[in-house]
Amino acid sequence: MGNSRDDFTSATKELLANRVGRRCSNPACRKLTCGANTNPEKITNIGVAAHICAAAQGGPRYDDSMTPEERKSFENGIWLCQSCSKLIDTDITRYPKELLQSWKQLAEQTAILEVETTSSTPAFEKDKELVQFYLECFNRPAFQDDIYQEGRMEDFDKAIEDTLIALNTGVLRTRDGSILKQADGKSSVQNSLWREKLYTITDMLTAIRRRLKIAKKEKAYSTYGTGEDVAYCFYDRELAEWLNSTREEILKILSSICKEAGLRELHFRKHRYRW
């Protein structure tokens with residue numbers, strides 16, 4: 001029985017990986033997918049050449065109008081880490097063809113910018129410029145106001161997603177998707193301590209998004225009021241306090257970097273709330 005899948009060739013897989021610097025193309029991830037193995041003759045690879053439109057009938061985003069050659073072509077592939085490869089196939093409504101194509105394009109643009117970037121600026125000054133950029137990404141109500149002051153939880157989640165993308169790729173976008181500012185992703189920071197702290201911040205931001213997703217499914221909060229006076233009521237006090245304390249801790253970590261870089265700090269504005 002023959003193979004009914006239109007799989008990529010080895011050459012196509014290599015091209016997909018190399019065009020994005022072997023980093024995951026998900027802008028909220030951008031994890032390096034290849035590194036050294038303890039065996040000096042081997043490498044550790046967690047990257048996957050994923051099909052945008054499925055390689056076989058019944059798969060995610062399968063398009064029966066495509067030819068076998070089109071399905072196994074470079075144009076129908078995207079390089080992802082194993083986790084993100086699984087992620088995009090579990091919810092095809094959230095991750096449609098068009099979104100994956102935009103991820104791929106952004107990842108390729110980011111990779112070539114990293115290759116092209118040269119600077120005679122000392123490492124500290126370059127790092128300081130990047131920290132200033134990240135600081136601006138966090139200078140928004142989503143990271144400074146009490147969770148009860150949020151107007152729309154969807155906007156809150158989007159602000160966190162946009163900030164994750166900015167940290168990972170150096171691309172800060174407006175709500176309509178336009179590029180507002182562009183720098184380098186956190187992996188370009190030379191100061192290892194600062195870089196480690198920025199990675200911790202991205203992990204915490206990702207955790208916030210996961211908790212919000214669960215809270216929405218469990219209907220752990222509701223809104224009251226209208227217009228500009230709308231506010232949120234959390235039925236789970238522990239969750240609300242965790243959201244506030246986690247964002248406050250994120251700003252504290254960022255502030256510790258700012259102190260060393262000689263930059264201003266951001267503070268979490270916590271309001272008194274009566275239960």
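**Exercise 1. Classify Cys258 and Cys53 as buried or exposed.**

Step 1. Cys258 has a relative accessible area of 1%, so it is buried (under 20% relative accessible area; exposed is over 50%, partly exposed in between, with a 1.4 Å probe and protein chains only).
Step 2. Cys53 is buried too, at 2%.
Step 3. Now for disulfides, pairs of cysteine sulfur atoms within 2.5 Å: the count is zero.

A word on the model: it is predicted, so local features need pLDDT of at least 70 and side-chain atom pairs count only at pLDDT 80 or more, while totals for chains, interfaces and linings use all residues. Residues are numbered from 1 along each chain as its sequence is written, and side-chain values use heavy atoms, leaving out hydrogens and water.

**Exercise 2. Describe the largest cavity and its lining.**

Step 1. On a 1 Å grid over the protein atoms alone, a cavity is a set of points where a 1.4 Å probe fits but cannot get out; lining residues have an atom within 4 Å of a point.
Step 2. Grid points are joined across faces, edges and corners, and a volume is the space filled by probe spheres set on the points.
Step 3. The whole structure holds one cavity of 30 Å³ or more, and the largest cavity has a volume of about 40 Å³.
Step 4. Its lining consists of Thr110, Leu113, Glu114, Thr169, Ala183, Asp184 and Gly185.

Note on methods. 1 Å grid on protein atoms, 1.4 Å probe; cavity = no way out; pocket = protein on both sides within 12 Å on 5 of 7 lines; lining within 4 Å.
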